[in-house]
Amino acid sequence: MVSALVILTLVAGAAAAGLVVRPGPVDEWLGAEPTAAPTTAAPTPEPTPTPVLAAAEADGAAPDPAAVKAALDPLVNAPALGSTVHVQVVDAATGTVLYERNADKMTTPASTTKVLTAATVLAARGPAHRLETRVVAGERPGEVVIIGGGDPTLAVEEDDKDLFPGAARLDDLAAQVKKALGGTKPTRVTVDTSLFTGSETAPGWGSGDIAAGQVARIQSLMVNAGRVEPVHNEYGGDPRHSDPALAAGKLFAKMIGVPASAVSKGEAPETAAVDPAPSASAVASATIAPGDELGKVESPPMVQIVDWMLQQSDNVVAEALGRQVALAAGEEPSFKGAATAMENQLTELGLPAELAVLNDASGLSNRNTIAPELLVKTLALAAGPDQPALSNLFNGLPVAGWSGTLETRFATPSANETAQGIVRAKTGSLSGVNTLAGVLVTRERRPLVFAIMAKGGANAITARAALDDIAARLVACGC
């Protein structure tokens, strides 16, 4: 099923600097010599990387399904996981199913939905794709139109770099616009959010999700994923603007000297043609015509945005990426269109899309259902040689005891500490729902992909610990 597996090595210094660490080919991870040497060298020597995830070996002992069952059954039956548990564990090197329970039955996935979002947007757009935020001249002299291009990571200024390092910035865009306008004084800012359509909230979102800062209204223009401040809190949510696009428009207006009272929503001119009988003020603006581009900034590559989405489990970023799948497929860039496009993209990848029903791309909707078999097959495909673009999703998966939503996990009991730096997985949590899906390497240095989805657990803390117990047992498995 899977003939090779990507290198899963996270470099601590690179992570801190916000660099993208690209996985290498599977055969290199499994011990073969690289097929080609780099053709160029970095101008400055890089520090020696510190490995975080253990490497696998080609001759690592394959686990015995019967032994895996004996090891996992008591843990899967833990009361903390609730009444229903769906699990699948697969040997990534051979595709052998080592353990499964309700593997083909769909259940609430929570944020493990983001595994599918990452895979489909990387397939649809490619790792190098960038998102543009543009400003064009409006219909009247002095009017500028800021056009949302669907980049949720747009920062306000340089100080925002700690949230999304290297993000495009609103102040850079404002500087371009002021230069392009020359002597024309900006008088009005119009905010164009027409790229996205449909409802700004998804079916199945709770009434308090926005108020709690778990998500914002999904619009094609926003800064810092709709946050009021460029801060990410692992628990408790981040305060979000009630109208992210208008808030971004007002910040931009302030930068170019336009009062907040002169900011409104609308659409950019359809063409750059000037009226047949221009007014005197229009003539004074010389060569600037309605629709002329005055400035543009581009996001980092798609692979970096996917990393942020997975590491922080950012619901807003996930929804924006779902719409990119829709736009690439010619579907309506809405919740419905994104769901349709994602399901179709899964089918194109040869994955069993019928094992998912999606209402959003983030997993915040309690109406989503996914079977663990689909998550495992997606991870296995990303680990193999047939879809190299998908391997980039492993960069963003949180690492146990090291990064993202797994930074503080696998600490207790002490036996679980052996899984720190070895398990890389996407977490998921909703009321009564706790999930974990990812990749690990066993004590015998065998790579496994897995998905564990539990429903009914009354206490999220104990349920997460029970999930960690299962993954840690697989790492320690002498099976």
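## Two crossing helices

Helix 4 and helix 10 are roughly perpendicular to each other, a label used here for angles of 65 to 115 degrees, while angles under 35 degrees count as roughly parallel, those over 145 as roughly antiparallel, and the rest as oblique. The axes of helix 4 (residues 113-125) and helix 10 (residues 335-348) come within 9 Å and cross at roughly 75°; such axes are lines fitted to C-alpha atoms, for helices over the stretch in contact, and angles run from 0 to 180 degrees between N-to-C directions. On the side of helix 4, the contact (heavy atoms within 4.5 Å) is made by Leu 116, Thr 117, Thr 120, Ala 123 and Ala 124, and on the side of helix 10 by Met 342, Gln 345 and Leu 346. Sorted by class, this contact has five nonpolar, three polar and no charged residues, where Ala, Val, Leu, Ile, Met, Phe, Trp, Tyr, Cys and Pro count as nonpolar, Asp, Glu, Lys and Arg as charged, and the others, Gly among them, as polar.

The model is predicted, so local features need pLDDT of at least 70 and side-chain atom pairs count only at pLDDT 80 or more, whereas totals for chains, interfaces and linings use all residues. Residues are numbered from 1 along each chain as its sequence is written, and side-chain values use heavy atoms, with hydrogens and water left out. Helices (H or I, at least four residues) and strands (E, at least two) are DSSP runs, numbered from the N terminus.

Five strands form an open sheet in the order 2-1-12-11-10, with antiparallel pairing; two strands pair if DSSP finds at least two bridges between them. At its edges lie strand 2 (97-101) and strand 10 (424-430), each of which pairs on one side only, and neighbouring strands of this sheet are turned by 5° against each other on average, direction ignored. Within the sheet, strand 11 (residues 433-441) and strand 12 (residues 447-455) are joined in the antiparallel sense over nine bridges, and Val 439 stands opposite Val 449 in strand 12.

Helix 3 (residues 65-76) packs on this sheet, where it touches strand 1 (84-91) and strand 2, and its direction makes about 30° with that of strand 2. Helix 13 (residues 460-475) lies across strand 1, strand 10, strand 11 and strand 12, and it runs at about 20° to strand 11.

Strand 3 (residues 132-137) pairs with strand 7 (residues 293-298) in the antiparallel sense over five bridges; Glu 132 stands opposite Glu 298, and the bridge partner of Thr 133 is Val 297.

Strand 3 also pairs with strand 4 (residues 143-147), again in the antiparallel sense, over four bridges, and the two form a hairpin with five residues between them, in whose turn Gly 142 has a positive phi of about 90°. Across this pair, Val 136 has Val 145 as its bridge partner, and Ala 137 has Val 144. Strand 4 runs parallel to strand 5 (residues 188-192), to which it is joined by five bridges, and Ile 147 stands opposite Asp 192 in strand 5.

## Covered elements

Five of the five residues of strand 4 are buried, that is, under 20% relative accessible area, with exposed meaning over 50% and partly exposed in between (1.4 Å probe, protein chains only). In a regular strand the side chains alternate between the two faces of the sheet. In strand 4, Glu 143, Val 145 and Ile 147 point one way, and Val 144 and Ile 146 point the other way.

Helix 11 (residues 372-383) is largely enclosed by the rest of the structure, because 11 of its 12 residues are buried; among them are Pro 372, Glu 373 and Leu 374.
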